[in-house]
Amino acid sequence: MGKKHDKGYGWELAVGAAVLTASAVTAYLLMRKDRRLLEQRVKALIRRGERYKHLTGPLFDTIPQRQLYTAVSANLQAKLKEAADPKEVLASFTPEQSTIYIIYDVCQSVATGGFVKLFSGEHSVFAVNAPEIFEQVGADAYADILRKANAVFECGMNASDFQPLEAAFLSLMKTNPISNCCGAFISEHRSAFLDE
């Protein structure tokens, strides 16, 4: 009876080891896939930045309105990246370029680090005026959330108080992408975004 029990236990160990090995292999392959996806996204961003580095009229006219926000954001980021003095470049932006840049910066800050990052990061100067800037492009729902976040910040920055606002902001980014409002704004102010 003891030998049968030992054989059963050995079999269970063998099956457990096989399952563990399969799990480790699966995790490794998924990790490689995630790494490849991340590398593909980075390469796509680099290509996009290169493509829109110099935004001319003929190039602008080939971009669908739903992609204008992405193209203009890549263009503005390229200008800042190449600049010896980014503050000087920011000061040279047209008011319309500044509007899109600030919207991009605010959305990136909230998406990558929440409102705590927005209010404590290097671009926190944009946070106070962000509601009015988002309203300029017709993004009133975003502006409402940003006003509430500003009120929370004025009462003392507590990360837990920001959580429902962050969830609402991120949900809004999925259901009503900011690119929709910004695309229409950019299209209406075409000349302000051209590098000609």
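Which residues do ring pairs link into a cluster? They are F115, F119, F134, Y142, F153, F162 and F169. The model is predicted.

## Aromatic pairs

The count of aromatic pairs comes to 10. One of them joins F115 and F162. A pair of aromatic rings is described by the distance of the centres and the angle of the planes. For F115 and F162, the centres are 5.7 Å apart and the planes are 35° apart. That pair is tilted.

F115 lies in helix α5 and F162 in helix α8, so the pair ties together parts that are 47 residues apart in sequence. Buried means under 20% relative accessible area. F115 has 0% relative accessibility, so F115 counts as buried. F162 also has 0%, so F162 counts as buried too.

## Helix α7

Helix α7 runs over residues 140–154 and has 15 residues. From its first C-alpha to its last, α7 reaches 21 Å, close to the 21 Å expected at 1.5 Å a residue. After α7 comes G156, with a positive phi near 115°.

Several residues of α7 are buried: Y142, A143, I145, L146, A149, N150 and V152. Y142 also belongs to the ring cluster. What covers the buried residues of α7 includes α5 (95–120), α6 (125–136), α8 (159–175) and α9 (178–188).

## Where α5 meets α9

The axes of α5 and α9 come within 11 Å and cross at roughly 170°. Angles over 145 degrees count as roughly antiparallel, so α5 is roughly antiparallel to α9.

From α5, the contact uses E96, T99, I100, I103 and C107. From α9, it uses I178, C182, F185 and I186. These residues divide into 7 nonpolar, 1 polar and 1 charged.

How values were computed
Residues numbered from 1 in each chain as written. Predicted model: local features only at pLDDT ≥ 70, side-chain atom pairs only at ≥ 80, totals over all residues. Heavy atoms only, no water. Helix = DSSP H or I, 4+ residues; strand = E, 2+ residues; numbered from the N terminus. Expected span 1.5 Å × (residues − 1). Buried < 20%, exposed > 50% of the residue type's maximum accessible area, 1.4 Å probe, protein only. Contact = heavy atoms within 4.5 Å. Axes fitted to C-alpha atoms, helices over the stretch in contact; angles between N-to-C directions. Parallel < 35°, antiparallel > 145°, perpendicular 65-115°, else oblique. Nonpolar A, V, L, I, M, F, W, Y, C, P; charged D, E, K, R; others polar. Phe/Tyr/Trp six-rings, centres within 6.5 Å; stacked < 30°, edge-to-face > 60°.
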